[in-house]
Amino acid sequence: MDLTPIFLSLKLACITTLILFVIGLPIAWWLSGRDSIPKLFIEAIITMPLVLPPSVLGFYLLLAFSPQNALGKWLQEHCDIRLVFSFEGLILASVIYSLPFMVSPVKSAFIHLPGSIKEASYTMGKSKFETLWYILLPNIKSSLLTAAVLTFAHTLGEFGVVLMIGGNIPGVTKVASIAIYDSVESMQYANANYYSLILFSITFIIVLAVFVFNRKSAKSPLE
Amino acid sequence: MIEINIKKSVKTYAGTDLIEVSASFHDLRITQITGPSGAGKTTLLKIIAGLIKPEYGKITVNKNVWLDTSTSINLEPQKRSVGFVFQDYALFPNMTVTEHLHYGSGDTQYIDRLIRMGRLDAFRTHKPKHLSGGQQQRLAILRALATKPKLLLMDEPFSALDHVLKNNIMSELKVLFEELKITCLVVTHHPLEAAGFAEHSFELI
């Protein structure tokens with residue numbers, strides 16, 4: 001059995017989670033501040049992948065990054081980047097698709113922290129960054145872990161978006177979920193079963209680890 | 001001398017209330033601020049600390065302007081050298097007693113002294129959730145003092161302490177204030193609570 005699709009899925013999930021951890025935290029921090037109309041608008045856009053059929057998102061990304069259209073053409077001519085049917089395209093699509101899974105739990109955790117602990121830190125002469133680093137982030141550790149795991153697991157299970165933008169190129173864009181579909185299509189049920197069992201085991205172990213880690217620090221393990 | 005002249009409208013269930021304060025507080029003295037619920041005592045302390053900005057007003061502390069809305073001066077809370085004891089304690093759940101104090105100061109001897117003063121010697125490695133209400137309140141007082149502030153703002157700081165402990169801590173605080181030249185404003189619901197502690201009184205109506 002070819003394990004490349006499993007490694008590709010794991011690689012995609014790791015890179016996506018890492019990127020979203022870096023860009024998702026500041027976004028969640030910013031969104032947790034005072035409400036404003038632009039903020040509501042941006043939050044609605046970030047949340048869209050939660051409710052939008054993945055094929056719709058994949059279709060528009062495919063259109064946007066196709067070398068036949070303006071953005072895709074510009075990226076190819078000026079930056080030598082081709083996003084459709086490439087692993088880089090999968091990463092971009094996954095980052096967009098999984099963004100709400102990183103931002104929502106972290107934003108919610110920031111909002112639920114008492115405002116007075118932030119104020120107490122400020123009156124002790126600490127800057128906003130020091131307060132974030134030493135006070136706020138350590139107190140939302142369980143939510144950070146949950147967000148990272150949800151993002152990872154969600155990316156691992158992507159199908160619609162991945163198929164639309166990446167296609168089914170072995171060793172490049174053929175991730176585990178596509179490999180399962182492909183195996184079923186070609187009646188190779190044993191292969192489909194292997195891939196499925198491996199994905200099932202990986203996600204189960206990850207979710208179990210979160211439950212164990214968060215059992216004391218959160219009211220609900222997926223908080 | 002701390003001179004305050006501010007106007008701040010606050011939203012309440014009944015609509016909007018205007019908090020208007022014009023007062024002078026003595027330097028290097030302890031002043032208790034009393035008044036009915038909703039009079040704006042906590043808001044006043046937060047305005048002095050720079051945590052809330054009023055619509056209009058001016059605050060000067062020993063002739064240094066901390067706030068002047070007419071010239072858009074508003075010193076950040078980090079630069080005011082203010083200690084704040086919050087009514088809800090606002091302790092950091094991730095830090096132990098010692099870590100709370102080290103977050104504000106690197107002076108180990110001074111921190112040891114504060115811990116002894118707060119009778120928290122046996123609880124140095126405890127996090128807030130493992131402390132009683134009274135211990136948490138004492139830690140909140142000590143943390144506010146950790147940075148050796150010039151002005152200490154205390155919001156109902158003794159409400160969870162028993163009579164004997166309260167009196168002991170009050171007298172030790174007075175010695176420390178004298179030594180570190182700290183001016184103190186204490187908000188209290190009960191004028192008698194700070195009796196023997198405060199030297200001046202101001203009533204917010």
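At what angle do helix 1 (residues 4–31) of chain A and helix 11 (residues 189–214) of chain A pack, and how many Å apart are their axes? The legends below start with that pair.

**View 1. Helix 1 and helix 11 of chain A pack at an angle of about 30 degrees, with their axes 10 Å apart.** This is a predicted model, where local features need pLDDT of at least 70, side-chain atom pairs count only at pLDDT 80 or more, and totals for chains, interfaces and linings use all residues. Residues are numbered from 1 along each chain as its sequence is written, chains are lettered from A and ligands numbered from 1 in the order in which they are written, and side-chain values use heavy atoms, leaving out hydrogens and water. Axes are lines fitted to C-alpha atoms, for helices over the stretch in contact, and angles run from 0 to 180 degrees between N-to-C directions. The angle makes helix 1 of chain A roughly parallel to helix 11 of chain A (under 35 degrees is roughly parallel, over 145 roughly antiparallel, 65 to 115 roughly perpendicular, and the rest oblique). Helix 1 of chain A supplies Pro5(A), Ile6(A) and Leu10(A) to the contact, while helix 11 of chain A supplies Tyr195(A), Ile198(A) and Ile202(A); contact means heavy atoms within 4.5 Å. By class, the residues in the contact of helix 1 of chain A with helix 11 of chain A are 6 nonpolar, no polar and no charged (Ala, Val, Leu, Ile, Met, Phe, Trp, Tyr, Cys and Pro count as nonpolar, Asp, Glu, Lys and Arg as charged, and the others, Gly among them, as polar).

**View 2. Helix 3 (residues 54–65) of chain A crosses helix 5 (residues 87–112) of chain A at roughly 135 degrees, and their axes come within 11 Å.** On the helix 3 side of chain A, look for Pro54(A), Leu57(A), Leu61(A) and Phe65(A), which meet Leu92(A), Ala93(A), Ile96(A) and Tyr97(A) in helix 5 of chain A. The contact of helix 3 of chain A with helix 5 of chain A has 8 nonpolar, no polar and no charged residues.

**View 3. Chain A has 11 helices and 0 strands.** Helices (H or I, at least four residues) and strands (E, at least two) are DSSP runs, numbered from the N terminus. Taken along the principal axes, the C-alpha atoms of chain A fill a box of roughly 65 × 45 × 25 Å. Of the 223 residues in chain A, 44% are buried (buried means under 20% relative accessible area, exposed over 50%, and partly exposed in between, with a 1.4 Å probe and protein chains only). Among contacts in chain A between residues at least 6 apart in sequence, 71% join residues at least 24 apart.

**View 4. Asn62(B) and Arg119(B) each sit in a loop of chain B.** Asn62(B) has a positive phi near 50 degrees, though it is a residue other than glycine. Its loop runs between strand 4 (56–61) and strand 5 (64–68) of chain B, and Asn62(B) is partly exposed at 40% relative accessibility. Arg119(B), also not a glycine, has a positive phi of about 55 degrees. Arg119(B) belongs to the loop between helix 3 (108–117) and helix 4 (133–146) of chain B, and is partly exposed, with a relative accessible area of 32%.

**View 5. Cys14(A) is partly exposed, whereas Cys184(B) is buried.** The relative accessible area is 43% for Cys14(A) and 0% for Cys184(B). Over all chains the count comes to 0 disulfides, a disulfide being a pair of cysteine sulfur atoms within 2.5 Å.
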